[in-house]
Amino acid sequence: MIVDFQNDFTPGGALAVPEGDAIADRLNELAADPRFDLVVATRDWHPPDHGSFADRGGPWPVHCVQDTDGAELHPALDRSRVDVIVDKGQDQDTEGYSGFQGTRLGELLRERGIDRLTVVGLATDYCVKNTALDALREGFEVEVDTAAVRGVDVEEGDSERALEEMRDAGAKVGE
Ligand code: VGL
Ligand code: ZN
């Protein structure tokens, strides 16, 4: 599960995660690994007037607006390895941090008989965290590959705390 590896979350983007692009090689390596039956990429995919944007009173600059270049998957990601794209964050009034929120992701995985997920991508302290926690709540086994995540760190240590939270909830966190 490659979370939100999109232009707006990488350096030069509207809501750049420091070193967000540095995970590309590891993502491609994982995506090509035959131990995975399915590679899903989520996209943060907001309407232009999404409630999380600062001009609507939300915490974030305008980012990942549907059908804009900023919302596209980062070009360094090998798209040929991505089986399914899941768009999230489309509901006006919720942050939509989790890939499971307002999407068919849970059904999609269950339909395919998938019960274990490796969650990677951006950002550790928001969408990766919320996706991993929801996956655990929905009964999936969850691993987080720390070489393939990066965080926003609005407050210093947010990413470390997020990893801790995922570990406490039952995720296997490591490289
Ligand atoms: C994200 C902030 C706002 C993320 C999405 O992908 O982690 N963070 N929207
Ligand atoms: Zn967003």
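In the predicted model described here, D145 stands opposite G174, a residue of strand β6. Strand β5, which spans residues 141–150, runs parallel to β6 and is joined to that strand by three bridges. This pairing belongs to an open sheet of six strands, whose order is β3-β2-β1-β4-β5-β6 and whose pairing is parallel. Strands β3 (84–88) and β6 (172–174) stand at the edges with a single partner strand each, so that one side of each is left without a neighbour in the sheet. In general terms, the strands of a sheet pair through backbone hydrogen bonds, in either a parallel or an antiparallel manner.

Helices pack on this sheet. Helix α1, formed by residues 24–31, packs on the sheet and touches β1 (2–3), β4 (116–122) and β5, with a direction that makes about 145° with that of β5. Helix α3, formed by residues 124–137, likewise packs on the sheet, where β1, β3, β4 and β5 are touched, and the direction of α3 makes about 170° with that of β4.

Helix α3 is mostly covered, since twelve of its 14 residues are buried. Among the buried residues of α3 are T124, Y126, C127, V128, L133 and L136, and the charged residues D125, K129 and D134 are also included. The cover over the buried residues of α3 includes the strands β1, β3, β4 and β5, together with helix α4 (158–168). After α3 comes G139, whose phi is positive, near 95°.

Within helix α3, D134 may be considered in more detail. With a relative accessibility of 18%, D134 counts as buried, because the limit for that class is under 20%. The side chain of D134 makes a polar contact with the side chain of S98, at 2.6 Å, and another with the side chain of R137, at 2.3 Å. When residues up to four places away in sequence are not counted, D134 touches S98 and F100.

The surroundings of ligand 1 draw on several parts of the chain. Ligand 1 is surrounded by D4, F9, L15, D44, W60, H63, Y97, L122, A123, Y126 and C127; of these residues, Y126 and C127 are buried residues of α3. A polar side-chain atom of D4 lies 2.6 Å from an oxygen atom of ligand 1, and a polar side-chain atom of H63 lies 3.1 Å from a nitrogen atom of the ligand. For C127, by contrast, a backbone N or O atom is involved, lying 3.0 Å from an oxygen atom of ligand 1. Taken alone, ligand 1 exposes 260 Å², and the protein buries 99% of that area.

D4, placed in the loop between β1 and α1, has a positive phi of about 50° although D4 is not a glycine. This residue is also buried, with a relative accessible area of 0%. L122 and A123 are joined by a cis peptide bond, with omega about -10°, and A123 is found in the loop between β4 and α3.

The loop between β2 and β3 contains C64, for which phi is near 50°, a positive value in a residue other than glycine. C64 is buried, with a relative accessible area of 0%. S52 has its place in the loop between β2 (40–44) and β3, and S52 is buried as well, with a relative accessible area of 2%. The side chain of S52 makes a polar contact of 2.8 Å with the side chain of H50. Leaving aside neighbours within four places in sequence, S52 is in contact with H46, G58, P59, W60, H63 and E95. Two of these contact partners, W60 and H63, are also listed among the residues that surround ligand 1.

Conventions
Residues numbered from 1 in each chain as written. Chains lettered and ligands numbered in written order. Predicted model: local features only at pLDDT ≥ 70, side-chain atom pairs only at ≥ 80, totals over all residues. Heavy atoms only, no water. Pairing = 2+ DSSP bridges. Helix = DSSP H or I, 4+ residues; strand = E, 2+ residues; numbered from the N terminus. Contact = heavy atoms within 4.5 Å. Axes fitted to C-alpha atoms, helices over the stretch in contact; angles between N-to-C directions. Buried < 20%, exposed > 50% of the residue type's maximum accessible area, 1.4 Å probe, protein only. Near = heavy atom within 4 Å. Polar contact = N/O pair within 3.5 Å; in protein donor to acceptor, adjacent residues only side chain to side chain. Areas by Shrake-Rupley, 256 points an atom, 1.4 Å probe, with all protein chains shown as cover.
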